[in-house]
Amino acid sequence: MSPHAAARGGRRAVQAEQTRAEILAAARRHFADHGYAATSVREIAAAAGVSVQTVYDSVGSKAELVRRLNDLIDAEANVGDIAREIAV
């Protein structure tokens, strides 16, 4: 792989992660404001500025969005560290 191809690949990976973060932020806002049942993937995609297919390709289904949000919130709250401390 050429250095240019590697740089493009690295840039794409960063952009893909940014897109996932934007999708998760949009999902978090919509779920908080409207609830799970009243939020559509189409609304999340529009709020994130991406297509519905990009949501599915980058993150997955609506249920997967919730799972990833749960993981994100756990990470923000350091739940893993707290669980390890409790287990000791």
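Ser58 lies in helix α3, which spans residues 52-58. Helices here are DSSP runs of H or I with at least four residues, strands are E runs of at least two, and both are numbered from the N terminus. The model is predicted, so local features require pLDDT of at least 70 and side-chain atom pairs count only at pLDDT 80 or more, while totals for chains, interfaces and linings use all residues. Residues are numbered from 1 along each chain as its sequence is written, and side-chain values use heavy atoms, with hydrogens and water left out.

Ser58 has a relative accessible area of 17% and is therefore buried. The class limits are under 20% relative accessible area for buried, over 50% for exposed, and partly exposed in between, with a 1.4 Å probe and protein chains only. Beyond its neighbours within four places in sequence, Ser58 contacts Thr19, Arg20, Ile23 and Arg68. A contact means heavy atoms within 4.5 Å. Glu17 also belongs to this account. Glu17 sits in helix α1. Glu17 is partly exposed because its relative accessibility is 45%.

In soluble globular proteins, nonpolar side chains tend to be buried together.

Leu24 is also in helix α1. With 12% relative accessibility, Leu24 counts as buried. Leaving out residues up to four places away in sequence, Leu24 is in contact with Val59, Leu65, Arg68 and Leu69. Leu24 and Leu72 are separated by 48 residues in sequence, yet their C-alpha atoms are 8.9 Å apart.

At the level of the whole protein, there are five helices and zero strands. The order from the N terminus is α-α-α-α-α. Among contacts with a separation of 6 or more, 54% join residues 24 or more positions apart. Buried residues account for 20% of the 88 residues.

The radius of gyration, taken over C-alpha atoms, is 16 Å, whereas a compact globule of 88 residues would have a value near 12 Å. The globule rule is 2.2 Å times the number of residues to the power 0.38. Along the principal axes, the C-alpha atoms fill a box of roughly 50 × 40 × 15 Å.

The accessible surface comes to about 5,900 Å², with 55% belonging to carbon and sulfur atoms. Areas come from the Shrake-Rupley method with a 1.4 Å probe, and for residues only the protein chains shown count as cover. The protein has 11 positive and 11 negative charges, whose mean positions are 9 Å apart. Lys and Arg count as positive and Asp and Glu as negative, without His and the chain ends. Charges are placed at NZ of Lys, CZ of Arg, CG of Asp or CD of Glu.
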